[in-house]
Amino acid sequence: MIEQIGRLQRFALVAALIAVIAFFAMFAPGFARVDNLANVLLNNFALLAIASLGMTLVLSLGAIDLSLGTSIDVASLAFVLLSAHQVGFVPSAVLPQHSSSARLTVC
Amino acid sequence: MLIGWLGIAPFLATLGTLFIGQTVQQLATDGGQPVYLLNVALPPLFSALAHGTFAGLPVPLWIVAVLALGVHVTLAHATLGRQLTALGAQPGVARYSGLPVAAITLVTFIASALIYGVVGLILSSTVKAYVPQAGNGYLLNAIGATFIGTTLSPTRRPGVVGTLLGVLLLSLVANGLLLIGWNFYWQQVATGALIFAVLAVSFAQRRGRYA
């Protein structure tokens with residue numbers, strides 16, 4: 001009995017997803033349209049998903065990384081500054097990666 | 001390095017980096033001004049990063065797919081991933097069985113920093129500017145999504161599938177509430193309540209199992 005309930009509860013997340021989709025499909029105008037859902041995937045989902053994948057690694061280690069936001073900002077800033085000085089795409093994209101990880105390595 | 005070799009708690013060490021990083025940005029931008037790229041000839045790849053499509057799908061979604069696969073394979077199948085998971089589940093045992101704890105920790109934090117860096121690049125490409133403190137909005141959502149995702153695993157471990165579902169849940173809620181016309185601040189309340197709800201169900205199960 002407990003096992004069965006446990007199995008049901010394990011999928012609380014899936015149930016919540018279905019409930020949320022059903023709720024908004026009923027009450028939010030335009031929610032269930034393909035263009036809106038594609039927009040969610042691109043504008044809401046993608047960036048947070050990438051960030052959360054990094055956090056998944058760290059949490060698997062049993063640790064937590066509060067510098068996620070700062071890492072994103074530092075990389076963004078370095079990328080923009082390098083691009084502004086016309087360094088070219090490849091170095092502009094690669095160097096911020098080093099600044100982002102170097103910061104962690106120093107710390 | 002602080003975490004691995006000096007044994008400083010990750011929470012505190014990354015909190016330290018948070019402050020240092022913020023200060024570096026403020027120094028580099030006159031106290032946190034946005035940097036715009038309006039009059040600069042940008043390489044075409046710059047905006048392709050956020051706005052381009054490849055084989056019919058937007059580039060950011062391809063990046064998500066590739067990284068998700070990479071992280072999943074690493075965690076579930078690679079030696080490093082298994083060591084990492086062991087260290088997370090049983091730190092004491094992992095240490096005594098001779099795993100290179102400091103090295104694993106270091107590699108993990110560098111890998112995650114590189115992944116955050118990708119977010120930063122796409123973010124810049126999306127708005128063609130550096131917006132101060134834009135990344136911190138992701139911090140709590142990412143932690144929340146990953147923790148929501150752990151409810152999918154019978155052992156409460158973080159996993160790629162759970163994380164992605166958690167992110168999907170948060171994204172849909174944010175979008176739906178926006179369409180209903182809720183105030184932004186109330187969206188945060190709703191997100192918090194949702195995290196509570198999923199975690200409450202999950203922990204009710206844990207109590208049931210060991211009672």
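In chain B, 45% of the contacts with a separation of 6 or more are between residues 24 or more positions apart. The structure is a predicted model, and the predictor gives the complex an ipTM of 0.75 and a pTM of 0.75.

**Fold and burial**

Chain B has ten helices and four strands. Their order along the sequence is α-α-β-α-β-β-α-α-α-α-β-α-α-α. Of the 211 residues in chain B, 40% are buried.

**Domains**

Chain B is divided into domain 1, residues 1–133, and domain 2, residues 135–211. The contact between them takes eight residues from domain 1 of chain B and six residues from domain 2 of chain B. On the domain 1 side, helix H4 (59–76) and helix H7 (101–127) of chain B each supply at least two residues. H4(B) gives the most to this side, with four residues. By class, the side of domain 1 of chain B that touches domain 2 of chain B has four nonpolar and four polar residues, and no charged residues.

**Packing of H5 and H7**

Helix H7(B) also packs with helix H5 (residues 79–89) of chain B: the two axes come within 10 Å and cross at roughly 105 degrees. An angle of 65 to 115 degrees counts as roughly perpendicular, and H5(B) and H7(B) are therefore roughly perpendicular to each other. The residues that make the contact are listed by helix below.

| Helix | Residues in the contact |
|---|---|
| H5(B) | B:Leu80, B:Gln83, B:Leu84, B:Leu87 |
| H7(B) | B:Val101, B:Ile104, B:Val107, B:Thr108 |

By class, this contact of H5(B) with H7(B) has six nonpolar residues, two polar residues and no charged residues.

**Confidence**

The average pLDDT of chain B is 71, and 64% of the residues score at least 70. Over residues 1–7 of chain B the pLDDT is below 50. Beyond near neighbours in sequence, this stretch has 17 contacts in the model. Where pLDDT is low, the predicted coordinates should not be read in detail.

Terms used. Residues numbered from 1 in each chain as written. Chains lettered and ligands numbered in written order. Predicted model: local features only at pLDDT ≥ 70, side-chain atom pairs only at ≥ 80, totals over all residues. Domains from an automatic or database assignment. Contact = placed C-beta atoms within 7 Å. Nonpolar A, V, L, I, M, F, W, Y, C, P; charged D, E, K, R; others polar. Buried ≥ 20, exposed ≤ 12 C-beta atoms within 10 Å, placed from the backbone. Axes fitted to C-alpha atoms, helices over the stretch in contact; angles between N-to-C directions. Parallel < 35°, antiparallel > 145°, perpendicular 65-115°, else oblique. pLDDT = per-residue confidence, 0-100.
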